[in-house]
Amino acid sequence: MRTLLFTGKGGVGKTTVAAATATRLARWGRKTLVVSTDPAHSLADTLATPLDGEPREVAADLYAVQVDARALTDGAWRTLRDALRSVLTGLGVEALDAEELTVLPGVDELLALTEVRALADAGPWDTVVVDCGPTAETSRLLALPEAVAGYLSRTAGRGPAGMLDRLAAHVDDLRRWLTDTEATAVRLVLTPERVVLAETRRLLTSLTLRGIAVDGLVVNRMMPTGGLSWGPAASWLRAR
């Protein structure tokens, strides 16, 4: 099973490219799940199908789901945080210190990534296509396992070892999954514009430094030559 994460600057067409990739894979007979983690969900509009947090079949061999990171944060993390705070207070940790220890940076992104991994493992998918948020959000999302690992190492010995050890092991598993080039890859969607190119270059560098594979760049809104792509408008767009 392979996971492909699509991202790019807002407005470059990453959702459309992710949906098109998933659709093509399904038409080739590969059971495919397309997942949106973008806070501004537009996957349902692209597929013209209502979506929620449960995978829904939208075509033969094609399933889709929208991950609501805020709902995950309000549910699962709140329960874990409250339990952790109670344990810390019971161990004699001051209330303010306990509150600090249970405020984990990037919880929304961490839970979204966790949900993608859970969905990938739970189904009979050949490929999971992920429509990530815009570049800045995705950079934070993919940096989270490394950042959280550092946070947990700083808090080691200040809280209940069992709970923190389990969280650290989970974060380490996410980091291994993201850096497994056989299982996971990122595809960057861009348009041929100076600002977009600069942002894409920065993200490419960041991902490379973290050991996360980028196996493709999709340059959108290009006008092909020949065929029906002729006339003044096509010539102007092609030259631009």
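Which strands does helix α8 (residues 194-209) lie across, and at what angle does α8 run to β6? In this predicted model, in which local features need pLDDT of at least 70, side-chain atom pairs count only at pLDDT 80 or more, and totals for chains, interfaces and linings use all residues, helix α8 lies across β1, β6 and β7 and runs at about 165 degrees to β6. Residues are numbered from 1 along each chain as its sequence is written, and side-chain values use heavy atoms, with hydrogens and water left out. Helices (H or I, at least four residues) and strands (E, at least two) are DSSP runs numbered from the N terminus, while axes are lines fitted to C-alpha atoms, for helices over the stretch in contact, with angles from 0 to 180 degrees between N-to-C directions.

The strands form an open sheet of seven, in the order β3-β4-β2-β5-β1-β6-β7 and with mixed pairing, where two strands are taken to pair if DSSP finds at least two bridges between them. The edge strands, each of which pairs on one side only, are β3 (56-59) and β7 (214-219), and the twist from one strand to the next averages 25 degrees. Helix α1 (residues 14-27) packs on this sheet, touching β1, β2 (32-36), β4 (62-66), β5 (127-131), β6 and β7, and its direction makes about 165 degrees with that of β5; contact here means heavy atoms within 4.5 Å.

Strand β5 pairs in the parallel sense with β1 over five bridges, T3 having V128 as its bridge partner in β5. The pairing of β2 with β5 is likewise parallel and runs over five bridges, and V35 has V130 as its partner in β5. Because five of its five residues are buried, β5 is largely enclosed by the rest of the structure, with buried defined as under 20% relative accessible area, exposed as over 50% and partly exposed as in between (1.4 Å probe, protein chains only). From this strand T127, V129 and D131 point one way, whereas V128 and V130 point the other way, and all are buried. Strand β1 (residues 2-7) is also joined by five bridges to β6 (residues 184-190), the two running parallel, and L5 has V186 as its bridge partner in β6.

Within helix α1, T15 counts as buried because its relative accessibility is 8%. Residues up to four places away in sequence not being counted, T15 touches S42, L43, T46 and D131, and its side chain makes a polar contact with the side chain of S42 at 3.4 Å; such a contact is a pair of N or O atoms within 3.5 Å, of which, within protein, one must be able to donate a hydrogen and the other to accept it, residues adjacent in sequence counting only if both atoms are side-chain atoms.

In α8, the residues V196, E199, T200, L203, S206 and L207 are buried. They cover an arc of only 125 degrees around the axis, so they lie on the same side of α8, the arc being that of the directions from the helix axis to the C-beta atoms. The face of α8 turned away from this buried side carries the exposed residues R194, R201, R202, T208 and L209. Just after α8, G211 takes a positive phi of about 80 degrees.
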